Amino acid sequence: MNIDCNVPAIQTKAGASGFINTAPDNDGIYRRTPLLIEYKGRYYPSLALQTFLTAKAIDNFVLMPNEMGLTLRLGKMAVPLDKAGNLLVRLPAQGQSFEKVSAVQLLSGNLDPNLIKGKIVFVGFSAAGLHEVRPTPYEPQFLGVGLHAAIVDNLERQDFLQRPDQALVMEIASAALV
């Protein structure tokens with residue numbers, strides 16, 4: 001495994017950084033994403049996790065095994081992860097979305113600063129030709145930046161989904177009984 005980092009001019013000025021890797025489940029649908037990756041013996045946070053840590057002034061985390069997978073401790077908060085360090089993301093249902101501000105609105109100065117004051121904001125793009133969309137259970141073309149926003153929303157609300165590692169065995173056994 002190898003990593004691509006920010007160019008030095010950006011990295012030296014950045015207070016923190018995080019990775020953006022994620023992959024779909026076997027059926028091509030995005031439901032989960034890693035919050036941490038291990039590289040050369042160290043753990044690194046995802047962009048969404050690092051954004052949350054920075055916004056909440058949390059400067060460390062602890063990763064612990066449990067009977068369901070892993071638990072990520074962020075201060076007093078316990079975040080359930082699967083054994084691979086993935087968060088099962090509670091995504092917005094069809095028709096729901098996060099508040100969006102267009103680049104035109106921002107760059108033209110027509111944005112009320114109170115609209116974003118005190119909020120965690122991700123800057124992304126939605127041009128169709130850039131292919132920055134992910135199919136989710138609710139939306140066939142969910143914006144990649146929306147995935148980061150959904151993760152931060154899950155952390156902010158402490159609204160977590162959890163699927164035990166042994167769930168597949170239980171599902172097969174239930175199907176066989178029926």
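From the N terminus on, the elements of the protein run α-β-β-β-α-β-β-β-β-α-β-β-α-α. That makes five helices and nine strands, where helices (H or I, at least four residues) and strands (E, at least two) are DSSP runs numbered from the N terminus. Please keep in mind that this is a predicted model, in which local features need pLDDT of at least 70 and side-chain atom pairs count only at pLDDT 80 or more, while totals for chains, interfaces and linings use all residues. Residues are numbered from 1 along each chain as its sequence is written, and side-chain values use heavy atoms, with hydrogens and water left out.

Let us begin with the whole protein. Along its principal axes, the C-alpha trace spans about 60 × 40 × 35 Å. Of the 178 residues, 30% are buried; buried means under 20% relative accessible area, exposed means over 50%, and partly exposed lies in between, using a 1.4 Å probe and protein chains only. Among contacts (heavy atoms within 4.5 Å) with a separation of 6 or more, 56% are between residues 24 or more positions apart.

Next, look at the sheet. Three strands form an open sheet in the order E4-E5-E6, with antiparallel pairing; two strands pair if DSSP finds at least two bridges between them. At the edges are strand E4 (62-66) and strand E6 (77-81), each of which pairs on one side only. From one strand to the next, the twist averages 30°, with axes taken as lines fitted to C-alpha atoms and angles running from 0 to 180 degrees between N-to-C directions. Strand E5 (residues 69-74) and E6 run antiparallel and are joined by five bridges. To find your way along this pair, look for Leu74, which stands opposite Met77 in E6.

Now turn to helix H2 (residues 47-55). Its buried residues are Ala48, Leu49, Gln50, Thr51, Phe52 and Leu53. The cover over these buried residues includes strand E2 (36-39), strand E3 (42-45), E5, E6 and H4. After H2 comes Ala57, with a positive phi near 55°.

H4, named as part of that cover, deserves a visit of its own. Eleven of the 14 residues of H4 are buried, so the helix is largely enclosed by the rest of the structure. The buried residues are Gly144, Val145, Gly146, Leu147, His148, Ala149, Ala150, Ile151, Val152, Asn154 and Leu155. Following H4 is Gln158, whose phi is positive, near 50°.

Asn154 sits in helix H4 (residues 144-157) and is buried, with a relative accessible area of 1%. What does its side chain reach? The side chain of Asn154 reaches the backbone nitrogen of Arg90 at 2.8 Å. This is a polar contact, meaning a pair of N or O atoms within 3.5 Å; within protein, one must be able to donate a hydrogen and the other to accept it, and residues adjacent in sequence count only if both atoms are side-chain atoms. Leaving aside residues up to four places away in sequence, Asn154 touches Leu87, Leu88, Val89, Arg90, Asp159 and Phe160.

Finally, consider the charged side chains. The whole structure has eight salt bridges, each a side-chain nitrogen of Lys or Arg within 4 Å of a carboxyl oxygen of Asp or Glu. Arg32 pairs with Asp25, the closest N and O atoms being 3.1 Å apart. Arg32 is partly exposed at 23% relative accessible area, whereas Asp25 is buried at 18%. Asp82 also forms a salt bridge with Arg32, with the closest N and O atoms 3.8 Å apart. This pair links distant parts of the chain, 50 residues apart: Asp82 lies in the loop between E6 and strand E7 (86-88), and Arg32 in strand E1 (residues 32-34). Asp82 counts as buried, at 14% relative accessibility.

Another salt bridge joins Arg163 to Glu171, with the closest N and O atoms 2.8 Å apart. Arg163 is partly exposed, with a relative accessible area of 36%, and Glu171 is partly exposed at 43%. As for shared partners, salt bridges join Asp25, Asp27, Arg31, Arg32 and Asp82 into one network.
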